[in-house]
Structures are given as C-alpha cells and as structure tokens.
Amino acid sequence: MRGVMQRVERTANERVRSVAQLSMLLAAMAVAATNAAAQERNLTLVGAGSIEGGKGSPTEVHEARLTLRTNADFAVTLVSRSNNIVIKGKWQRPTLGNVDRIDVRDVGGVAVRGSGSLSYADNERRTPRTLELNWNDRGASYRLEIATRDAEDDDSPDGWRAGAGAQVYRNVDARARGDGVARMEGVRGGAYSVVRARIGTGGDVVLDVDRPTRGEIRGRVRRVQGKRIELAVLAIFGYTATGTLTVRLRSADEVRAFDGTGTGERGPWSLTFRGNGMPNDVPRPSGGDRPENTALQMDRAEGGRGMLSQAGGSALDIARATVRLERARDGHIILEARRERVTIDGRWLEAPDERVQFEVRRVNGKEASGRLTIRRDGSSFSTIQGDGRALGKPFTLVFATH
C-alpha cells in the first residue's frame, strides 16, 4: 500500500511539473511573439504595378504587403488577380534620405539574386511610396515596380512633368548612358549603353540605342503620366513590330529607364534600359554657355574638413572630397566620411572669380535639386558650399581643403 501511495504521489508531482513547464513555455512563447511583433514593421502599399520579364506577359500587381524586421529580414507579398507571390531578402537603410535598399534572395521559394529599393512618402517611414525590385532566375531577367497612384506625378523636387493623358506638353530630346539589353527573335540584338529619346508634341516617338548595339525604335504616344510615357511600338530596328514600351524620364533632357515587350514580324521582342547619368558627348545646352574650355576640366581629390547635414537626419563629417568636371559639362562630387560615401551628380558652369556653379541633379542616384559653388585653386579646388533638396528634405554642404 505504501508503494502504491508513493507511485501516486510521484505521478501527481510529475503532472504538476508538466503543467508548470507548459505554463512557462506558453508564457515564453507569448513574450517571444510580443517581442517579434515589436521588432518588425508591417506596411501595405496599394497602387498600380506589374512584374515584367521572362517569356510571359506582364503580371499586374495592385497591392504589396511588406514586412521589415530589425534583424534585416525583408518579405513582401504581391497581390494580383490570379495569385499572390512572396519575395524575400534583406533590407538596409542608408543614412541620407527615406529610401531603403533591398537585396532580393528568394522569389516564390526559388533562390535568386537581385536588388531594388523601397521609398517612403514620409520621414517616419510609415507610408511606403514605391517598390522597385530586379532579379535573375534561370537566365531570365525580371522587374517589379509598384507605386502609389500619385507617385509618378510627384517624384521630383522640381515638379517637371512631360505631360498628361495622351498629350505631351513639350518636345523632349533626352539622353542617358547606362545598361540596356535588346532581344528580338530572328534579328540581331544585344547590349547597349547609350540611348536617346525624341518625343514630339504630335505623339511621334523615336528611341535610338547605341554602342555596341545600334538601332532605332519607333512608336506613338499612348498615355502620359508625369514623367512616365507609355507608347505603342510600331517598328524595331527596321522591322514591323507591335507591343508596349514605357519610357521614364528623370528630367527634360535625361532618360531614367525604359521597358517593353511585344511581337514583331520575326518573333517576340523585349527591351530594357537603366540609366545612370548623361553621356559624355552630349552637346552643351543652348543659351549663352561659353565655348568649351578644356582647362576647366578637373578630376581632383583633396582632404579637408566639412559637413553634410540634412533636415531630420544626422550630419556627416566629411574628411575627403573628389571633384570631377567633365568636358561635356557633366559633374560629379564624391564626399567621403569615415564609414559612408555620398555621390552628387549634376551639371556645371563656369562663373566669375575662379568659381564653378554646380547644378545638383542627383544624390546617391536619386533625383535631387540645388546649387553648389566650387571655388577653384589653380588645377584643384579650395571650397565647396551650397544647399539643395534630396528625397524631400533640404540639405546643406560646407567643405574646405587643408
């Protein structure tokens, strides 16, 4: 009898311990869930977008459900009419601006390699504005772009717009250097690095691609939204073709990107291009610029002290600056801090008193505006100072060489 009672007592104690352990486990799971919820941001972007690439037709996307965790994990569920697609990867937040960089690693459970960006409409990063992702899978290139419906009309501090509806406001002659690929079944194709887009108010469009692939694409304007021009393709490289191509402009004289797919008399075709600056051989803008003076060209790096500050963000202590003034009036200023690097692209014009006026066009590849003054010192420079606006925020730069 005593042995039976001991066994009953041991069984009761084990049950008590099991219940206690289960309670502790449930409590730990609740704490973990609470911490996980506190360590991630769940955002929703509702707008218009598409996934383009491969051999299939574009997939329209109307919603992106985003999750960004503090351990840098990134995930987005893309909602379309047919099905949902999950993309995973990593995210990183640069110091300057309200744009997160995305490293794409998985699409629909398949390992891929790609990159992109997520921009916000507010400084607190609570309202996503545009999501752009690019990746490669089994030799095919894909691109996702989804934006809130007003983002295309308000993506530049200068407010410049190409037109609206089916009307182009002014004749456009824009160029860019970058990376492009043309594919057309049964016809030559390949890579190209320089493009020119001529878009008339009457609706005619001519796109020239150069070096090493050379050719011409013709079409008609179908729809204009801010700096985004959608056109119906009529011919590619001299062959009759149909399809849609979308041209995105950075400004009145610079192409940002274009994408298109369709069919031609020889078979399917596709075109992609991503611009990263103006070509070096672009003619000078008219309106009184002085003749080219090769003595004004510069490619000089100098150590010194300076500060780049932006409203709502931390300031960068600049220890080194590089100024590149190219013959075609393109200019680049590279600022180096201890752990960060900022690149400012623009156009330059000689001014009196050994000064150069620098018109800001981009900061770290994103559209910006402003005016900087570079004071020359023989073949080098002594100071850079000025202000502008990047990613919706004003900034100020002051730098002096040793």
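**The second largest pocket**

A: Let's begin with what lines it: the residues around the second largest pocket divide into 10 nonpolar, 16 polar and nine charged (Ala, Val, Leu, Ile, Met, Phe, Trp, Tyr, Cys and Pro are nonpolar, Asp, Glu, Lys and Arg charged, and the others, including Gly, polar). Please keep in mind that this is a predicted model, where local features need pLDDT of at least 70, side-chain atom pairs need 80 or more, and totals for linings use all residues. Residues are numbered from 1 along each chain, and side-chain values use heavy atoms, without hydrogens and water.

The space in this pocket comes to about 880 Å³. (A pocket is an open set of points on a 1 Å grid where a 1.4 Å probe fits, with protein on both sides within 12 Å along at least five of seven lines; lining residues have an atom within 4 Å of a point.) Of its 35 lining residues, Gly 53, Ser 141, Arg 183, Ser 270 and Thr 272 are the closest to the centre.

Several strands (DSSP runs of E, at least two residues) give two or more residues to the lining, among them S1 (40–53), S8 (140–147), S11 (172–184) and S18 (267–277). The biggest share comes from S18, with seven residues.

Strand S1 holds Gly 49, whose C-alpha lies 5.3 Å from that of Glu 145, although 96 residues separate Gly 49 and Glu 145 in sequence. Gly 49 is counted as buried because its relative accessibility is 17%, and buried means under 20% with a 1.4 Å probe, protein chains only.

Terms used:
Points joined across faces, edges and corners; volume = space filled by probe spheres on them. Helix = DSSP H or I, 4+ residues; strand = E, 2+ residues; numbered from the N terminus. Buried < 20%, exposed > 50% of the residue type's maximum accessible area, 1.4 Å probe, protein only.
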